[in-house]
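Subject: Structure handover

Hello,

Here is the structure I promised to pass on. Please open it first, then read my notes below.

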Amino acid sequence: MNLRCQSCGAELVVAAESFTTVCPYCAAPSVVERPASEERPVPAFALGFALTQQIAAERVKHWLRTRHPWTHGGLKRASLQDVRGVYAPAWLYSARAESRYSASIGENYQETETYTTTENGKTVTKTRTVTKTEWRSLQGEHSEYVLDVLVTASRGLPNAELEALEPFDLRALARYEPALVAGWVAEEPSLSREDSLRQAREEARERIGRRLSSFMPGDSHRELRHDTHLEEESLDVCLVPVWVLAARYAPDKPPLRVVVNGQSGAVFGQAPVSWAKVLLSVLAVLALVLLLAWWSSRGGGR
């Protein structure tokens, strides 16, 4: 793909999959703009990075140090210089939700009851206050707007990892302009709109369920069910800032990926366990138990 540098005028040829590039002659960042398509829509919004690479690397370093003691030792060799920033694509979903719900509402009340017990070999009668619950049915309707549901649009960043990094401060959203991501790695959507829409609708309905649960009356409730229809839906591509470390800790294992929220600094990863360390720890505990048992059998050394 041909690209003309807007700074020095050099005509560059860049890989078709590139989204951003840096001119080798004047170091000016540029954005490769491709025609929009249904499979590759132009982002509507973008969130800027608030954390520098140095701060993100420190967050990753702290995260690695505070993992459990059985973490694979190869992670100590991870180079924090490999922490890279990427604008990851996500779908930003909003809708109006119309729900019909039903639940059983519990109202507590107290009663005094009589019971017998044995004291000093004698049967005595006493009273006590007990709490009981009266249940009644409740049905109703609920309407609200579900705003800013964020689901991944990247095959490289699973939705579970994106959720672990949330929340992002969406108040800082800006309308997408190529200059916002110039000089950064910016990934294009690799998940279809249909797949992401299903995921977003599922999360929206889960959010409605939590909202309904939070305002149920009474002292308790159970069997809450809701039938929610989503209308006036919107789904736009949003670029979110993520720092990523892909650390190869063993030649025969896939790399560990640690991701950092580029705004808040929240860190997520799944540190691999060294089963050799686990085995050694178990053997050490067993050896200590056997040593204590032997010492006790000898009368504590007497």
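The side chain of Glu 161 makes a polar contact with the side chain of Arg 257, at 2.9 Å. A polar contact here is a pair of N or O atoms within 3.5 Å; within protein, one must be able to donate a hydrogen and the other to accept it, and residues adjacent in sequence count only if both atoms are side-chain atoms.

Some ground rules. This is a predicted model, where local features need pLDDT of at least 70 and side-chain atom pairs count only at pLDDT 80 or more, while totals for chains, interfaces and linings use all residues. Residues are numbered from 1 along each chain as its sequence is written, and side-chain values use heavy atoms, leaving out hydrogens and water.

Back to Glu 161. It lies in helix H2, residues 159–165. Helices (H or I, at least four residues) and strands (E, at least two) are DSSP runs, numbered from the N terminus. Glu 161 has a relative accessible area of 12%, so it counts as buried (under 20%, 1.4 Å probe, protein chains only). Leaving out residues up to four places away in sequence, Glu 161 touches Arg 257, Val 259 and Phe 268. Contact means heavy atoms within 4.5 Å.

Now the strands. Two strands pair if DSSP finds at least two bridges between them.

- S10 (residues 220–247) and S11 (residues 256–261) pair antiparallel over six bridges. Val 244 stands opposite Val 259 in S11.
- S6 (residues 84–119) runs antiparallel to S10, joined by 21 bridges. Arg 96 has Glu 231 as its bridge partner in S10.
- S5 (residues 45–46) pairs with S10 in the parallel sense, over two bridges. Ala 46 partners Leu 239 in S10.

Best wishes

How values were computed. Buried means under 20% relative accessible area, exposed over 50%, partly exposed in between (1.4 Å probe, protein chains only).
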